[in-house]
Amino acid sequence: MNYHIIGDIHGHGDKLEALLQRLGYVRKSGCYQQPGARVVFLGDFIDRGSSHRRLLEIVRPMVEAGHALAVMGNHEFNAVAYHTRHPQTGQPLRPHSEKNQRQHRAFLEEYRLHEADTRAVIDWFQTLPLYLEVKDDAGQVLFRAIHACWSAPVIARTPQYLDAEFLQQACKRGTQAFRDVEILLKGPEIALPPGFAFHDKSGVERQHIRIQWWNEKRPVSYREMAMVPSGEAEKLPDQPVPESDIGDFSYGPEEPPVFFGHYWLTGQPAPIGNNLACLDYSAGKGGPLVAYHWQEGDTGPLRAERFISVEAG
Ligand SMILES: [Mn+2]
């Protein structure tokens, strides 16, 4: 089996259709397919673009017919919470605040609140796993897929699918479930020591850094562990990060390859490490939609020449 692993689409059904065609998928009886090949979607289907319906009418049939697998992104998680009410209080699990509404607006323009087709799509989001291992016929793991961060200890204590009770827990700030879902779907962040800060891409001053969760150097400094815009790393301390902050994060070279999205990368698509590849190259903000072609029988390091991008639909 060949696999095409596809990064964050964010409402751009035109880019998805162009990429699938480029990869050799053909629409038959309303469903894109290719003999001997399957897609793995890394989540964040929604929010931002203006062709959600077109996109979801491609993705859902592919997953339901077994031509694709998919994991949940933070935007699908938020959507499930936004459209689900707490059974006791009757309040939405994600408040309909101005900020949350704004983040979700592009989706809501195509799928209106409380309508039956919206409910159907949200129910489908809830069936998506938080993490996935793709195996060969002999049961050996070929590779892993997750929206933002593969952390073995977090995954070990987190259910693969969101049932009603876990969903309620995960929407409650301060719970273990809330923290764990943030790590898996948004990636871990740690606080800088007092007095330190950097500026993010929008120029906003921040005291928390996103970390390279795969970095297994120990001890490791804040500067080495941080994912910050170029030029900002020098502002970070050269002192070691306390183990209590990063004990759950590392990804050894002997582990199966892991594909993830979420990080809004730019530039020439390439692996982050021999067994690590991020496939989010900002399709939601004018960037290309990117896939990785995993060929049957692949072993050894991931390769830059297996990345395939389309700029526009
Ligand atoms: Mn994301």
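Where the two domains meet, 16 residues of domain 1 are in contact with ten residues of domain 2, contact meaning heavy atoms within 4.5 Å. Domain 1 covers residues 2–186 + 248–310, and domain 2 covers residues 189–245; these bounds come from an automatic or database domain assignment. The model is a predicted one, in which local features need pLDDT of at least 70 and side-chain atom pairs count only at pLDDT 80 or more, while totals for chains, interfaces and linings use all residues. Residues are numbered from 1 along each chain as its sequence is written, and side-chain values use heavy atoms, with hydrogens and water left out.

The C-alpha centres of domain 1 and domain 2 lie 26 Å apart. Between them, the two domains bury about 1,100 Å², 61% of it on carbon and sulfur atoms. Buried area here is the accessible area (1.4 Å probe) that two parts lose on being put together, summed over both. On the side of domain 1, Phe249, Ser250 and Tyr263 supply 44% of the area buried against domain 2, more than any other three residues.

Next comes the metal site. The manganese ion is coordinated by Asp44 (OD), Asn74 (OD1), His147 (NE2) and His262 (ND1), at 2.1 to 2.3 Å. Donors are N, O and S atoms within 2.8 Å of the metal (3.2 Å for Na, K and Ca); water is not among the atoms, so sites may look incomplete. Along the chain, the donors follow the spacing D-x29-N-x72-H-x114-H. Helices (H or I, at least four residues) and strands (E, at least two) are DSSP runs, numbered from the N terminus. Asp44 counts as buried because its relative accessibility is 2%, and Asn74 is buried too, with a relative accessible area of 9%. The cut-offs are under 20% relative accessible area for buried, over 50% for exposed, and in between for partly exposed (1.4 Å probe, protein chains only).

The loop between S4 and H2 also holds Arg48. Arg48 has a positive phi of about 110° although it is not a glycine, and at 47% relative accessibility it counts as partly exposed. A positive phi, of about 45°, is found as well at Ser29, again not a glycine. Ser29 sits in the loop between strand S2 (26–28) and strand S3 (31–33) and counts as exposed at 84% relative accessibility.

Helix H2 (residues 52–64) has 13 residues and reaches 18 Å from its first C-alpha to its last, close to the 18 Å expected at 1.5 Å a residue; the expected span is 1.5 Å times one less than the number of residues. The buried residues of H2 are His52, Leu55, Leu56, Ile58, Val59 and Met62. Seen down the axis of H2, these buried residues fall within an arc of 160°, so they line one face of the helix. The arc is that of the directions from the helix axis to the C-beta atoms. Val59, with a relative accessible area of 0%, touches Leu16, Phe41, Phe45 and Trp124, not counting residues up to four places away in sequence. After H2 comes Gly66, whose phi is positive, near 85°.
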